[in-house]
Structure formats: structure tokens, C-alpha cells
Amino acid sequence: MTTATWYLLLGVIVVTIGALRLLTVQDLVARLIALNITGAGSLMVLVSLAARSEPIDPVLSALVITGLVITAAFTATAAVLIRRIEDTPDLEDGEASS
Amino acid sequence: MTLAEFSTGALVLTPLLSAAVMALCTHVLRRLLGVVVAVLIVGFTVPVVIHLGSGEVVEVDLGAYGAPLGIVLRADGLSVLFIAMTSLVGLGITAFAAATPEATGERIQANGQSKTEHAGFWPLWFGCWAGLNAVFVSGDLFNTYVGLELVGLTAVGLVALGGQKSWPAALRYLFIAVLGSLLFLVAVGLLVSVTGTLDINQAAQQLTDNPEAAGVATVAMVLLSIGLAMKVALVPMHQWLVPAHSGAPSAVSPILSALVIKGALFVFLRSWLYVAAPAYSPALTETSGEAPLNVAEALSIVAWVFALLGLIALIVGAIMALRQTRLKPLIAYSTVAQAGYWFLLLPVVFMPTSASLGDPGVTTFDASEVIAGALAGTVGLILGHGLAKSALFLTAGYFKELYGTEKIAALSGEARSHPMMVMTMGLTAIGLAGLPFSLSFTGKWQLTSASLAGGHYWILPVIIVATLLSAAYLLRAFGPLMMDNDQENAAHPELHRNSMPVVAQVAPFTLGVLTLLTGFMGTPIFDLLEVGAPWS
Amino acid sequence: MELTNLHYVIPLLMVLLSLSAAIMIFPMREGQTKLRAIVNLTIATVKVALIVSLFPVVLGEGLHPEFSMSFVPGIDLVLRVDELALLFSTLSSSLWLLTTIYAIGYLHGKPHQSRFFGFFSLCVTASVGISLSGNLVTFLLFYEMLTLVTYPLVAHWGTPAAVRAARIYLRYTLTGGLVLLIGVVWLTIYTGDVDFQSGGAEGVTELAEYSPTIAIIIFILLIGGLGVKSALVPLHGWLPLAMVAPAPVSALLHAVAVVKAGVFGIVRVVDDVYGIQVASELGLLTPLLVIASLTIIYGSYQALRQLDLKKRLAYSTVSQVSYVVLGLTMATVAGTTGGVVHLVHQGIMKITLFFCAGLFQETTGVTNIRDMRGIGYRMPLTSLAFTIGALGMIGIPPTAGFISKWQLGIGALDSDNTWVITILLASSLMNSMYFLPIIYRMWFFYPQIADARAVAEPKMMLWPALVTAGLVVGIGAGASIAYAPLEIAEQISEGVFSDVDSP
């Protein structure tokens, strides 16, 4: 196995862990972090896929960069929403039960 | 650059630029600009449709780098049908929102009071529209991904306009949308690693030429299907949809239900029918090369799984809709149910075994016609749903804005004093249940006859049961509204405001009428879909 | 005479005109009674004129003006005026004109008129569409449309009983519509477009040769679906309940729209899709004949038991409409003639009776047969019209009903199933048993002194009833003149049997 394949495997594991956590945890911040981990894992998968060819695949690298930008965008949006929700006490219970 | 090419680019860039400009405008100016831009977009749709009508695909190479590196916009038959539907529905929603700014959301002012009207609606909505059009005309998977993200993030913002109560729903939607996108992104990465290209047509060609890519491609198709099905809210990934779609402001719900989920659905259809099918559907590969049989089998299992989920969605969604007491959740569950229709075609596409028909030799379908018919039917159902659902959500919004409630029991008997809305509800009920002469009926007809010709008899009972169920919940929703409540000492709900602008009635009514008029478009839709299709 | 462009457009125009009436009427305010009446009557009159203008072309020259457009690839929407279409659409357009006049009088001063007349016009649109349909798919589409647009009419009063009846009506007819749909889709898969052709569609003949079993199953599906609207026992349950509808709606439901649409569909399927020859070779006609006979007897029996006038009339429809099916399934020239002509005659007679029932109810409040003693003295003209209609139903010469029954009788004697003649006789006897007592009560009792005054009937409601009563006698007495329904029916029947090998 090449290094790239190891990273690929690692990426898959990170994605799996992140997704499982995302689906099982209730706390909003924990969910956001889980989602970020999933995102990091998938980008890792893409990087390792790119690294398997020689020279490194530029198209896949471009995908990774876009992915990073979008991850930042959704993290910011989610953080704003979470802060707003947690500022309104009666909403937190509603979220936990839904 | 021809007019059609210019218009194709403009379909994406106009709403995008206007969204940016709107962010800087005053409230009134935003509304005005919104209407102008919506009309412009409809205007740009026309030359593209006309060009496609002549049988040629529109291709625009922005920056002239060429695939696989440059940005290529490509509008084929499938694209242009989705664009046309989005333009019509978008214009209707824009008109409604401009006439009824109270329907655009709730914002909390500095003094802690909440105020109905949210100017954030305008840039978000046009950003969303730009994203949708980008998805529809994108020639490569990368832009598709970017477009999907744009749609997803703006849609989350739109849901959040509903005020405090809708924030948890918005967040939940965001988690699902992003998770779905990530799965899609990984799938795209896998496809690129075996095909070396992002371009959709080139990727399909590569998959056909390299049988050894089949294994990775199958994994990619599975990931991509799950990711997109999350965004379309296919059962059992549907739970986020109902709070998001029913909690959103009156002008936003139709955007979400009629348009936003169609973006992901479009990519789903594009991937299965334009990328995977030419390479792996036994029906299409017979002539063009050897199909790796085990892959075809693996993919057909996936296809069956999704069709089965569609079937479950049709039943579960309808049963849940029957149990609702408020209008908007009922309509939202109807979306969950209707989504089931859009996945039924997959097994038909992958196994059009017309030989099993035992036909007397008079049947007129061959395998590629079965695929074309099934797709045309499904697209008919999708477009019909877009028109009817937007009209219905706008109608629900109309009552909610007028009476401040959307409880069916509280509104009982009130619809009678709004004859135009009654007509709209009747038209949309016909459209959603798929009765003649609606576009959904035409779609069902084509889907059913193509599937039967392809040996898929199971589809007939499915469609019939689904039709009866949808008729049942629609009747349940609208029956009480039209009951005569005059003589009884029924409590009339108090008016939330004195009246609604005429436009707020005309917009849904026009969309409702369109659900019926388009019922006669079966043949043009079929012909348009043949443009640029891999089987034509 | 050549067909001009106008001739091709007329079928489409017939449908669009009715639709335009609906579009114009819906937005009108309640108070705009005059405008509504003008729109209604003008369009109804123009339609009658249009269809009459086609008489020489279709009957004289044997040409069939046709309009078609593509629905989905391989399937067209076709509107075509052949002899049967001409006969049925003339019936429906002219009775519609009369019913509109009647309804304007009936609804005078009542609420929700715009909605009523709007859906009324949509109902006409669907009916005209059904009568002009040139193939099975077009027929199916208009047939389903009819189901939907009559629902608000049945539920018009909004009372719990009306809403319940309308819901049951919808349940029956939607299910029937679905069964029909399955049959049509299935057949279309095998044969492509199923064009109505006198003597049977080509593809269907091939199918019957290739796989008789499939052809039989599809036939059962088609007739089963159509049987709901045409109220074949045991699918008739909705019809007596639907009597809660406003009187003009009941009149139309029974005479030209819903029930007739079902029967008309059966005529099309037997004669123009399968063809008499194929249908009888597949052994499909005799079972249908038996069902029709049972329906006739059962309907008459139920009618005897009813004391409510409208209910009695409703069961009488169940029975009378099956004469049409009976005539068809005898597979003789005279039988088919009798069946087809009864399609028209029954419509005219039954609409007369329903007009009168509405008049009785509106002017004196009488709905029960027991209360009808001496009503002939109080409402002589209405009672006269009712008497003529009832005598027609029994089949007394020279009414139209006599002509139908005479033809059917000849048909029965010509056919292999001579036992049918006993059904006809028994049914006529039962007809007399449930109509003669009403007539007897009307004329041979003096009214109670308390309400002996003569009552003035509303003119708008009375005249249509008198006109149709006049037609009952006129068509019966003048059955042999050119363009009379009997002559057209004979022409249709000859067309149906032109390819059939004589036994």
C-alpha cells in the first residue's frame, strides 16, 4: 500500500466517525464540530485521491480548495444560528425534543 | 456569441449580480429590482427554449479554456425544462413577495419587538435562483457542486427568515444539506480520479470506454445518490423537510418545496441517466460496448433500493399528510410523498426488459424509447409538482397572512369568500393528485406506459394507490375550507389584516392554471428531452 | 361538398366555447344575474347552431370533421364528429340550452350562482368532449374531467347530506375512473392509439386474435370502469344518494351528463373499439346482456319501493339506461338501433320528468308521491308534461319511448336470446306500476280543500319542461322523417354491422 492509500483509508474512517457523531449527538455545537470533522475527512479523501497520480491531479486539488471555502461558509452560518438559538432559552428544549 | 448563448450565461449571472446589488439597496428598491430581474430572467429563458426547440444543445465556454479546465455552461433538454419551470414559478413567487412584503419573514428590531417583513429575503432568494440556474446549466460536476452549495446556504438563510421558531429547523436543514453535499463532493472526487475529467459528457464517455473504472464508479454513484437523496428528502431522510418547509415564511415555503429540492433532484437525474446509464444500463450499452455485468447488477440493486424508498415515501408521506391539522405541514408532507414518484424510474432505466411483455408484436416501444418515456414522464411529474406546489404554498400563505392562522379547522368555511383561491386550490389539487388534464397526469401516463412496456408491471398498482392517497389527503385539506359555515354559529377567524393585494391572488392562480395548460405539453417536453440525451 | 377549414375547427370550437363560458362566469359577482344569463344562453345557442350546421356534412355526405393534436408521443387527442358523436352532442347541446334556462329560473334569488354556473359550464365542456372524442384516450380524459367538475355541483348546497353524497359520488366515480384508466393504459400499450372505428379498432382485432384472454380482461376493466357512471348493478350505489343535488343538476346527471357518459362509453367500447363481431366471438356480449337485464329488473323493483319522487326517478334511470346496453348486446341491427336511439329518447323523457319534479318541489314543496293527490288541478301544465314523460317511459305510442321499445323488441326477436323479450315486457309492466299510480293520483283525486288554489309555476322552469314533453311526442310521432334520431341511429347501426358476417 502506498502512503496515499493509507491516507485514503484514514479519510474514510474520519468521515465515518464524523457522520456517526453528527447523527447521534443532540448538542448543537457538538453537531457542528462533528460536521466539520466529516468535512475534513472528505477533503482528506480527495487529497489522497489527488496524490495517487503523478503529477498531483490539479482538478482534485481545486475541488479541495473550494471545499475548504464552503466549509468555512457553512461553519460561520451554523455558528450564527446556534448562537441565536441558544440566546433564546425556550427554543433549546424544542430542539432537543424534535 | 449568439443570443441563446448570451441568455444561458445571463440566466446565472443576472440573478447573482442582482443579489449582490440588492444587498446594498433600500427595502422598496429591492422589491422593485426583484420584479424587474424576475421578468428579465423569464425573458432570457425564451431564446434558450427556442434554440433547444431547433434540436441543438446550447454550449457556452466561459473564458474559452475548454473542458476539462474551463467553465462550460451547457443547456440541453433536461436543463432547459427545469430552467423554464424555475423561471415561471420564480416570477410568480417574486410577484407574491413584492406585493406582500409581510410574507417575506420576521425580523427582530432593536427594541426586542418582532416585525413582519424581512429585506434579507431578496438577496437570498436571488442568490438561490442563481444557484439553481447554475446547477441546471452546469456542464461539469464542479460547477454543479458550487451551485448546489449556493442553493443550500441561501435556502438555509431563507428558512431562518421565519423568525425564532424557524431557527432550529434552519440549522437542522443546514446539517443535512452540508452532509449531503460532502457525500456528493467525495463522489465527484472518486469519479474524477477514474475519469480524469469533471465534464459530465466526457466523464460518461470515459466510463463507457474504461470498464475497469466500474467498481469505483459504482461506489461514487452510491455515495452521490445518498447525498442527493438527503437533499431531496427521500424517505427515510425526510424528517428535516417538514419543520423547515412549514416553518418558513409564506413567500419562502414555495421556493423550498417547488424549487430548492429540484436542484438536488436534477443532479440526481443527471448523474443516473446521463452519466451512469450510458455506461452501465444494459439497454443502452448493447450497441456501444460490453457492459461489465456485475456492475450493472450492483447498480440495478441500488436502483431498486431507491425505487423502493420512493414507494415507501409515497405511502408514508400520504399517511402523515392525512394526519395533519394545519395547512402548511400537510402540504410539506405532500412534498415528501410526491418525492417518491421521482425515484420510481430507476429500475425501469436499468432493466427495460421489453421482451417479458409477451407482446403480440404490436407494441411500439424499444428499450431506448422506454428510457426516454420514463424520463419524460418523471420530468412531467417534477415540473407539474413545481407549478402546483408553489401555487398551493402561496395559497396557504395567502390565508396565513390574511387570518394569521393556518389551522384547517379555524379556516373552515372561509375559503368560500375567496373564490379565486378556491379555484387555485382546486387546480393544484388536480395537479398534485395527477388527474386530467394536468401535467402530472401526462407525466404519470408516460411513466406508466413506458414502464409497462419495459415489463415493469409493479408500477401500475403503485401509481394507482399513490393517486388515491393523494386525492384523499387533498380532499381532507380542502373539503372543510369549502364547507358552508354561514348558518351555524361558527366562529369566524379574525382578520389578521384587512385585505390582500390582488397580485397575491393572481400569482398563485396563474401558476394553478399553468399546471393544467402544461398538461397538453407532453409531446414538446418529450421532444425537448431528446435534445442532448445519450440515447437519442 | 368538401370539408372546409371551418369544419375541422368546429369540434374544437364546441369544446372551447363551453370552456370560455366557464372562464367568463367564474369571476362574475353574484349580482350580475343578467350578464350571466346572457353569456350562458348565447353560448349554449351558438353551440346548438354549430352542431346542427354539421348535420348535412356528416349525415348527408358521410364525412367526419376531425381535429387532432399530439398528447404524448404516439398518442393524439382527437375530436371527431361521426354519426354517433353528432347524435349525442346534439342531444347534449340542446338539452343543455333548455336546462340552462330552467336553472336560471330555479336558482333565482339563491346564493353562489356564479360558482354553480361556472361548474355547470365546465360540466358541459366535459360532456361535449366526451361526445366528440375520437379515440379512447381523449374519451378517458374528458370522462375523468366530468367526474371532477360534477363534484362541486352535487355538493352545491353545502349541507352535510350534500357533502356526504358528493363524497360518496367521488369515491365511486374516481375508483371507476381508475379501473377504466388501467384498462385504457393496458390496451394502449398493446395497440398504440385506440381510434374509434365503426366495427372495431384494428389493433384490438389483432390483440383479440393473439391473446383472447388479455382482450377479455381489458374488456372487463373497461366496462367495469364505465359501469360505475352508467349505474350498472351493483355499481349504482351513488346514484340515488346524488339526488340531493339541485334539480337542474339531477336532470342533467340523469339525462345527458354523468350516467349517459358512462353508457355512451359502453357503446363506444362495444361498437367502436372491440366491434360487435370481436366482442361476440370473445363471448363478452351475453354476460353483459345478463347484467343489463338484471339491472333493468332490479332498478324497476327498487323504483317501485320508493315514495320519494326523485328517488323513484333515480332508480328508474338505473333501469332505463340499461336498455341501451341491452340493445347493444343483442348483436342485431334492430337491437343496436334501439339501444342507440334510446340513448336520446331516454334523455329527453327523463329530463322532462326531472324538470317536473323540480317544479313540484319548488312551487308546492311536494317531494313525496303520497302528497301528489290532485296536483294536476293545481299545476296542470307541469302535470301534463310529467304525464307525457311518464307515458313515454312506459312506452305508450306515439311517444318516443314506444319507438325505442319497439326497436328493442324486434332486436330481441332477431337475436339468439329471445328470452330478452320477457325482460322487456316485465320491465314495461313494472314501469307502469310505478308511474301509473302517480298519474292516477295527479288527475283522479281532488286536492284537499286547504290548498286547492291553482299555483303559478315560474315561467323559466315551466317552458323547458313543456318543450321537452313536446319533443317526447314529436320525436315519437315523427320518427321516420329525415335527421330524426331513429334515422341517425339506423345509420349508425348499419355502420356497426357493415363488416359483420351475417349469421
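This is a predicted model: local features need pLDDT of at least 70, side-chain atom pairs count only at pLDDT 80 or more; totals for chains, interfaces and linings use all residues.
## Chain B as a whole

Chain B has 21 helices and 4 strands. Along the principal axes, its C-alpha atoms fill a box of roughly 70 × 55 × 40 Å. For 536 residues, a compact globule would have a radius of gyration near 24 Å, and the 22 Å of chain B agrees with that.

As for burial, 65% of the 536 residues of chain B count as buried. If you look at contacts in chain B with a separation of 6 or more, 79% of them come from residues 24 or more positions apart.

## Where B meets A

Among the 2 pairs of chains that touch, A and B have the most contacts. Chain B puts 26 residues into this contact and chain A puts in 31. On the chain B side, α5 (141-160) and α6 (167-195) each supply at least two residues. The largest share of that side comes from α6(B), with 16 residues.

What is the makeup of the side of chain B that touches chain A, in nonpolar, polar and charged residues? That side divides into 22 nonpolar, 3 polar and 1 charged.

## Where C meets B

Over on the other contact, 27 residues of chain C meet 26 residues of chain B. Four elements of chain C each bring at least two residues to the side that touches chain B: β1 (66-72), α6 (136-154), α7 (160-191) and α8 (202-210). Of these, α7(C) gives the most, with 9 residues.

Sorting the residues on this side of chain C gives 16 nonpolar, 8 polar and 3 charged.

## And A with C?

How far apart are the closest C-alpha atoms of chain A and chain C? They lie 36 Å apart, and no contact joins these two chains. Chain B, on the other hand, is in contact with chain A and also with chain C.

Terms used. Residues are numbered from 1 along each chain as its sequence is written. Chains are lettered from A and ligands numbered from 1 in the order in which they are written. Two residues are in contact if their C-beta atoms, placed from the backbone, lie within 7 Å. Ala, Val, Leu, Ile, Met, Phe, Trp, Tyr, Cys and Pro count as nonpolar, Asp, Glu, Lys and Arg as charged, and the others, Gly among them, as polar. The radius of gyration is taken over C-alpha atoms; the globule rule is 2.2 Å times the number of residues to the power 0.38. A residue is buried if 20 or more other C-beta atoms lie within 10 Å of its own, exposed if 12 or fewer, and partly exposed in between; C-beta atoms are placed from the backbone.
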